[in-house]
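Biologist: I am new to this one. Could you show it to me and take my questions?

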Amino acid sequence: MQIPEKKLGFGFMRMPLTDPNDQKAVDMPQLEKMVDTFFARGFTYCDTAWMYHDFMSEEIVGKAVVDRYPRDAFTIATKMPDMMLKREGEAEEIFEKQKEKLHTDFFDYYLVHDMNSVNYKIAQKYHVLDFVQKKRASGEIRCLGFSFHDSADVLERILDENPYFEFVQLQINYLDWESAGIQSRLCYETCVKHGKKVIVMEPVKGGTLAKVPPEVEQIFKKAHPDWSPAEWALRFAATPEHVMVVLSGMSNPAQLEENTGFMQDFEPLSAEDWDTALRAGEMIRKTIEIPCTGCRYCVEASKCPKGILIPNYFSLYNTRKLMHRHDFSPEVEYYANYLSEGHGKASACIACKACERVCPQHIHISEWMPKVAADLENASFMK
């Protein structure tokens, strides 16, 4: 299995936008400059997926990366959206379409997407696992793995039953390391037990760990005055020995400059710094109402029948709670803007739970929507 020389990967799921409300409005000139900087500093791993950026990410990576660089200058990772499959043979159609969109005859890394207990059954039902093994044998897939959001027990079962997988992509960050729901540490240890390399997603938890409470920032600055909160998060995620790559969804040049800067010659956290990060996680956990990472699976994979912008509304709600806001605030204005553009109100939720079935964080979205509505919609009439 090929191992990237440097541990930072470019995640093409949060690219720069010319219109923040349109996931297809990617700022191509800015993105191309970011890609150029990324490669110039010796990084090579590029991660995309079928559904990212309203199903446009793979096509954009094809233009910004594959069309502009020799094929041996980078590695591409994409994913089979097993959670979206409805019939036999659809996986092969998607795979061929992915090659077209990415302008490549093979994938350096290929993952079965979000293989939890439910999606694992879908992958079995439509023979996805047999299909990707055939593509691995043909050379169209160079390294085969899967991304995972579930318990360590489920991961153990999948690896026992499918020992041919070479790596697993896990959510690892200092907020979720000891989480009973996410089980980052237990899942990592399960991969180590099975001899699998680990790729890390959500190291900054959708930006949550890039801006931390003042008391957390204080203990960080005391330990390392020149490290930002985002640097702490990425260093933590990259420290475990069996981590191969840490993905960062860098959405502007400043983020890319910072991340490639300290990750060029990466050094793991000391034991003392590791403990400091875990202590910070305990402190932050007390301030977050809804553990949403903004991955957008709930709106892109489930297709909310009411058009509710779930992650956007959760972000607004979390900010209001973090800032102890109860009256009209900028978040309420943003919410009103979304509604004026035709998006569904939080109060329009019919609790169909389609979003919950694809949520990697296992959030009970239908239970939160009435609370979000009560906060944002009541406040919106208090101008």
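Predicted model: local features only at pLDDT ≥ 70, side-chain atom pairs only at ≥ 80, totals over all residues.

Biologist: Which residues of α6 does α4 meet?

Modeller: From α4 come Ala91, Glu92, Phe95 and Glu96. Their partners in α6 are Val128, Phe131 and Lys135.

Biologist: Is the crossing of α4 and α6 left-handed or right-handed?

Modeller: Here α4 passes α6, and the crossing is right-handed.

Biologist: Now α5 and α7. Are they oblique or roughly parallel?

Modeller: Helix α5 spans residues 117–125, and helix α7 spans residues 152–161. Their axes lie 10 Å apart, at an angle of about 25°. Angles under 35 degrees count as roughly parallel. Therefore α5 and α7 are roughly parallel.

Biologist: What is the handedness of the crossing of α5 and α7?

Modeller: The α5 and α7 crossing is left-handed.

Biologist: Which residues make the contact of α5 with α7, and how many are nonpolar?

Modeller: Ser117, Tyr120 and Gln124 belong to α5. They meet Val154, Arg157, Ile158 and Glu161 in α7. By class, 2 are polar, 2 are charged and the nonpolar count is 3.

Biologist: Let us turn to lysine 79. Is it buried or exposed?

Modeller: Lysine 79 is found in strand β3, residues 75–80. Its relative accessible area is 0%. Buried means under 20%, so lysine 79 is buried.

Biologist: Which side chain does the side chain of lysine 79 make a polar contact with?

Modeller: Several residues touch lysine 79, including Trp50, Tyr52, Gln98, Tyr110 and His113. Asp47 and Thr48 also touch lysine 79. The backbone oxygen of threonine 48 lies 2.6 Å from a polar atom of the lysine 79 side chain. The side-chain to side-chain polar contact, at 2.8 Å, is with aspartate 47.

Biologist: Next, backbone angles. What is phi of lysine 205?

Modeller: Most residues other than glycine have a negative phi. Lysine 205 lies in the loop between β7 (197–201) and α9 (214–223). Lysine 205 is buried, with a relative accessible area of 3%. Its phi is positive, near 50°.

Biologist: And where is arginine 296, and what is its phi?

Modeller: Arginine 296 sits in the loop between α12 (271–285) and α13 (297–300). Its relative accessible area is 18%, under the 20% cut-off, so arginine 296 is buried. Arginine 296 is not a glycine, yet its phi is positive, about 75°.

Biologist: Last, arginine 279. Is it buried, partly exposed or exposed?

Modeller: Arginine 279 lies in helix α12. Its relative accessibility is 46%. Buried needs under 20% and exposed needs over 50%, so arginine 279 is partly exposed.

Biologist: What separates the C-alpha atoms of arginine 279 and glutamate 217?

Modeller: Along the chain, arginine 279 and glutamate 217 are 62 residues apart. Between their C-alpha atoms, the separation is 12 Å.

Terms used
Residues numbered from 1 in each chain as written. Heavy atoms only, no water. Left-handed = near helix turned anticlockwise from the far one by under 90°. Helix = DSSP H or I, 4+ residues; strand = E, 2+ residues; numbered from the N terminus. Contact = heavy atoms within 4.5 Å. Buried < 20%, exposed > 50% of the residue type's maximum accessible area, 1.4 Å probe, protein only. Polar contact = N/O pair within 3.5 Å; in protein donor to acceptor, adjacent residues only side chain to side chain. Axes fitted to C-alpha atoms, helices over the stretch in contact; angles between N-to-C directions. Parallel < 35°, antiparallel > 145°, perpendicular 65-115°, else oblique. Nonpolar A, V, L, I, M, F, W, Y, C, P; charged D, E, K, R; others polar. Lists of a residue's contacts leave out its neighbours within four places in sequence.
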